[in-house]
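Hi everyone, thanks for coming. I'd like to walk you through one structure today, piece by piece, so please have the view open on your screens.

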Amino acid sequence: MLLSAQNIFMNYGMRQILNDVSLFLNETDKVGIVGINGTGKSTLLRILSGAEEPDSGEVIFTTGCRVSYLTQRPIMDAELTVLQQVMADADSSEEYECKAMLQRLGLGDFEQKVGTLSGGQRKRAALAAALLRPAELLLLDEPTNHLDGDMIVWLEEYLRRFKGSIVMITHDRYFLEHVCNRIAEIDHGKLYTYEANYSHYLALKAERYEMAEAAERKRQTLLRQETAWIQRGAQARRTKSRDRIERYEALKAQSGPETDEKLSLSAASSRLGKKCIELIDIEKSFEGRRVLKPFSCHIQKRDRIGVVGSNGAGKSTLLNIIAGTLQPDSGSVDTGVTVKLGYFAQEGDKAMNPKQRVYDFITDIAREIHTDEGTFTASQMLEKFLFPGETQRKFIGGLSGGEKRRLYLLSVLMSAPNVLLMDEPTNDLDTETLTILEDYLQSFQGAVVAVSHDRYFLDKIAEQIFEVCSGGEVRRYTGNWSDYDEKRSREEAPERIKKEGVSPKPAAPKQQKLKFSFKEQHEFDHIDEEIAALEEEIAACDAGIGASSHDYVKLQEWMEKKEKLEETLAEKEERWLYLNDLAERIAAQK
């Protein structure tokens, strides 16, 4: 056993977060922690990492167990470069390994100062360090946040092959499905574990609820019978068994299974005419870099469009141009007169006033809303969004990150839009809220354009995919994310063959496995030594340069030699990246 966490209790003020929670990990367990926002998922991970002490209970690790912890909000030194920060955090990793990992995660400018990074870039740098740090146990809090689709697929494969144990919090349901062999759900302070991936967990959870409800129905039936007996009068009770009276008292004292209020999203939208939104040859550049090439499309009344692409490609730029918050350099956006936009921006919840009360924030937008189910006041809508009376009086600054995100979602829907623009709507929303949001979007009568890296979400809601490519081209695909992924794989196959230096032969039979050539295997076995030797030679050049500061001829020789060695090292590091990628894909076949 790798870890034993026993009888963990944790309270914040009067609120009990964890109530007698125990978790045991074996060496190959990959555990996904789920539960609605605010139930204590991150608290449990902090306790397991040792970053926070429980009120009672203990966490015991097996001797020699090393832990690598990715927190939601990593602490970094603003004056360090990205490479320096990751090398410091990753402990014993080599420089070329850190560079390769950073490139994988879209952080190719190794000399950029940490203080200039966005929140998403900081999280990716912290993820790089967490993956490189030698460990038998990975603790990961929302590792897929701020990753694009290709990065998520790569990380999924990386963690699936990881030899140690993993405990992670994520809302990415495909990630939970493909990586995890156990699901741990926190529900009303209790921890329920399931030996299952995500889809099997859903079935087992439904069974647990059914059993709990059946037991409660049986208890209520018995309680009615015993109540009738107890009410027949004192004379009758004196002739009855005292044990039966005690059983009645015990039945009466029991409480039924605790259940959460269910988040309910009622469809509410304004009338939308025939004309929606038309983009006509729009293009956009920033500081000489083209983000969008001339692009035209007509967004129809019931369109469901998912927007994908690598980080920084221009997805949010496209959404901002559609919303009218950013003007294109050329081209135009023709918006119908009946269009009423609702824009769920990526950082929109950060703009909410932390000193404003929850109720006041919503009533500033609308005091009531007309839905398919009838008219609801702002207070009633807040309750439907799991903000009961006491929470409505809270200041926004006192809400959890997930609660702020949910409140921001309500604020967008309270304006009764008929066109929804959503930039990463799945970030920081729990899986239950995501499911209900998806159901809402499927019944929404207007158009939906959503930027998202969540494959499960795009498979459920998208009927078209717009891929914003590096260089500004926008490619359109019919279907959901899985359809797009299959089509893209077919399109990229010839380019991949060319890039990897493989002769363009007919497609190999499916049973033929990928493998190293003799030359590649020899190169793979020795490339680490070659890189280390080059780094030593460069260090010797640095020493020679320092010692030759007064001898111009020698100084020039050392500098020319160093330049050539650095060029060779860069080529070797690029080759190392290719060979390790090939090795990972070969290992994945086993």
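Predicted model: local features only at pLDDT ≥ 70, side-chain atom pairs only at ≥ 80, totals over all residues.

Let's begin near the start of the numbering. Here we have an open sheet of 3 strands, in the order S2-S1-S4, and the pairing is antiparallel. Which strands stand at the edges? They are S2, residues 15-25, and S4, residues 56-61; each has a single partner strand, so one side of each is left without a neighbour in the sheet. On average, neighbouring strands here are turned by 20 degrees against each other, ignoring direction.

Now look at S1, residues 3-12. It runs antiparallel to S2, and 7 bridges join the two.

Next, the helix pair. H4 covers residues 119-132 and H5 covers residues 149-161; they pack at an angle of about 20 degrees, with their axes 13 Å apart. That angle makes H4 roughly parallel to H5, and H4 passes H5 in a left-handed crossing. Who makes the contact? From H4 we have Arg 124, Leu 127 and Leu 131, and from H5 we have Met 151, Trp 154, Leu 155, Tyr 158 and Leu 159. Sorted by class, that contact has 7 nonpolar residues, 1 charged residue and no polar ones.

On to the other sheet. This one is also open, with 3 strands in the order S11-S10-S13 and antiparallel pairing. S11, residues 289-299, and S13, residues 330-335, are the edge strands, each pairing on one side only. From one strand to the next, the twist averages 20 degrees. S10, residues 277-286, pairs with S11 over 7 bridges in the antiparallel sense, and you can find Ile 282 opposite Phe 295 in S11.

Helix H10 lies across S10, S11 and S13, at about 130 degrees to S10.

Technical notes. Residues numbered from 1 in each chain as written. Heavy atoms only, no water. Pairing = 2+ DSSP bridges. Helix = DSSP H or I, 4+ residues; strand = E, 2+ residues; numbered from the N terminus. Axes fitted to C-alpha atoms, helices over the stretch in contact; angles between N-to-C directions. Parallel < 35°, antiparallel > 145°, perpendicular 65-115°, else oblique. Left-handed = near helix turned anticlockwise from the far one by under 90°. Contact = heavy atoms within 4.5 Å. Nonpolar A, V, L, I, M, F, W, Y, C, P; charged D, E, K, R; others polar.
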